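Colleague: I have a few things to ask about this model. Can we start with how the helices pack?

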Amino acid sequence: MVREIIAGIVIVYIIGMLGIGYYFHQKGIADLEDFFLAGKGAPWYLIALSFFATAIGAGGTIGLSASTFEAESITAFWSYGIAIFSFFIVAFLLGHKLPKTRNITIPSMLEDRYDEKTRAAAVPFYLLRFISTLGAQWLAAGTIISFLFADAITVTEAAIIGAIIITAYTVMGGMSAVMWTDFVQGCILFVGLWLLAIMGMMNLGGFSSATSQVTDVAPQAFDLFAMKWTLIAGYVVTLVPTMLVRQGYLQRIMSAKSPRDGFVGTTLNGFIGLAFIPVPLIIGAIGLVMYADIQNPQLIMPQMAMDILPDWLAGVVLAALAAAIMSSGDSFLLSGSSNVVDDIYLRYLNPDAGRDKQTTVSQVTVVGLMIFSLGLALIVPGIIDLIVFGAVALTGGVLVPWLATFYWPRGTSDAAFWSLIVGAGLTVAWWWVGYFAGTSEYMGLHPVFVGLPMSILLFFGISLMQEPEYEKALATARKHNLEDLERKTKRAMNRGEQRQPPTIEDTD
């Protein structure tokens, strides 16, 4: 009976998500900015909670509790905690700037600042990133949905159902529907899972009793520094730069209605994430006592919710949990589709497409990307692991020219292109070498440690050897209302003019 009640609540919840998509569909979608960036009208609180729900996804909920259980330690905090801390850096560097921009993808911004070939070089890595991540999200969603329905449907069937639901409201309402469904899920998850963690401790006799029972099973369970400092440093060096080029996240900031909303929303997301992170760690630790023999540690969180929470609350929390796991999928669907539509279709195939045509192509692309990524995940599941290198390639190649777009007007087009190609290429090559050697860090080096330094060296080295391209930087600053970049560029141009040797005409 409990399962039936929970399943019923999940179905009602899903209908509500589809209703949100239908509402924004009825309001109408005017253009690409409406579809992919919510018309650039998102307030700070919508950015914060929708950002939070997307960022935690499967990894920050069932994945983090499972990691704590398997490691018998809360040291999994470092991987997720550093990722959350990265949002403060994103807010500081890009929170005020991205809401001003007029483009919808990172590659299109790279063309504005540098040239077409730099944009073209970046697009394939973004598409690989989204396809691999989407495939993983569908399978994670399938696992949790199948569990909620007491295995009445298989993981494959559940993954298909989840993908169709997410795609439906994304196609109907675009980014507005995605952000508002994520907002609801974020609120429910934060409150509901904290209640679950507290009630889990009460179930073991309170905080002191719970910690005592957990440490009896795993003495180092609550020792944050049981992890080697070199691994912690590795997380800092790899995760912080990664967040600065994750287009699916950055498009939330681009959707802000003002620079203030972008900065405040992104910063608040960081605080919400830090306040949430103890939850999956506590649940995973409690699982060491309550579910010592569980076969699939990823089911600790949903199983605990069903065992401890009232039926109605368990149903709501588990529905939101399943939706949040899928919510990363809606963001990657939109973001990947924006690359296909803006960076390929409108750039090369049909630059003169009207607004209605653009919207239709965007919706069709969302459906096509879902089918393609789901098909890969179900038919050739191993390939998802093989194409995940797109994520590390973005950090190794795109990061430097991308940040320089906003902060260093001296950068040149050739420098951007070669630093991106070589940095990403070395990162991918090192990843493949490690893959065949059976390690993620060949010779003790993460792929980003190989590609990123070379990207930095090439970008600044080539730029300083070439003539400045200040006119391009100035045009970019004016198009996107980047006042700081415009001031820096003008100062650099003035310094350049002062250093010019006098000509014959000047001495006459």
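Colleague: At what angle do helix 9 and helix 13 pack?

Modeller: About 70°, with the axes of helix 9 (residues 207-217) and helix 13 (residues 278-290) 9 Å apart. Helices here are DSSP runs (H or I, at least four residues), numbered from the N terminus. Axes are lines fitted to C-alpha atoms over the stretch in contact, and angles run from 0 to 180 degrees between N-to-C directions. Helix 9 is therefore roughly perpendicular to helix 13, a label for 65 to 115 degrees.

Colleague: Before I go on, what sort of model is this?

Modeller: A predicted one: local features need pLDDT of at least 70 and side-chain atom pairs count only at pLDDT 80 or more, while totals for chains, interfaces and linings use all residues. Residues are numbered from 1 along each chain as its sequence is written, and side-chain values use heavy atoms, with hydrogens and water left out.

Colleague: OK. Which residues make the contact of helix 9 with helix 13?

Modeller: Gln 213, Val 214 and Val 217 from helix 9, against Ala 285, Ile 286, Leu 288 and Val 289 from helix 13. Contact means heavy atoms within 4.5 Å. By class that is 6 nonpolar, 1 polar and no charged; Ala, Val, Leu, Ile, Met, Phe, Trp, Tyr, Cys and Pro count as nonpolar, Asp, Glu, Lys and Arg as charged, and the others, Gly among them, as polar.

Colleague: And helix 3 with helix 8, how do their axes cross?

Modeller: At roughly 70°, with the axes of helix 3 (residues 44-56) and helix 8 (residues 155-203) coming within 7 Å. That makes helix 3 roughly perpendicular to helix 8. The classes are 13 nonpolar, 3 polar and 1 charged.

Colleague: Are helix 5 and helix 12 roughly parallel or antiparallel?

Modeller: Roughly antiparallel, the label for angles over 145 degrees. Helix 5 (residues 77-94) and helix 12 (residues 259-276) pack at about 165°, axes 8 Å apart. Among the residues that meet are Gly 81, Phe 87 and Phe 88 of helix 5 and Phe 263, Gly 270 and Gly 273 of helix 12. That contact has 9 nonpolar, 6 polar and no charged residues.

Colleague: Different topic. Where is Leu 239 found, and what is it in contact with?

Modeller: Leu 239 is in helix 10 (residues 229-243). Leaving aside neighbours within four places in sequence, Leu 239 is in contact with Ser 79, Ile 82, Ala 83 and Ser 86.

Colleague: How far is Leu 239 from Ala 210?

Modeller: They are 29 residues apart in sequence and 32 Å apart in space, C-alpha to C-alpha.

Colleague: Last one. Which helices supply the lining of the second largest pocket?

Modeller: Helix 2 (32-37), helix 6 (106-113) and helix 16 (355-379) each supply at least two residues. The lining has 3 nonpolar, 4 polar and 10 charged residues.

Methods: Angles under 35 degrees count as roughly parallel, over 145 as roughly antiparallel, 65 to 115 as roughly perpendicular and the rest as oblique.
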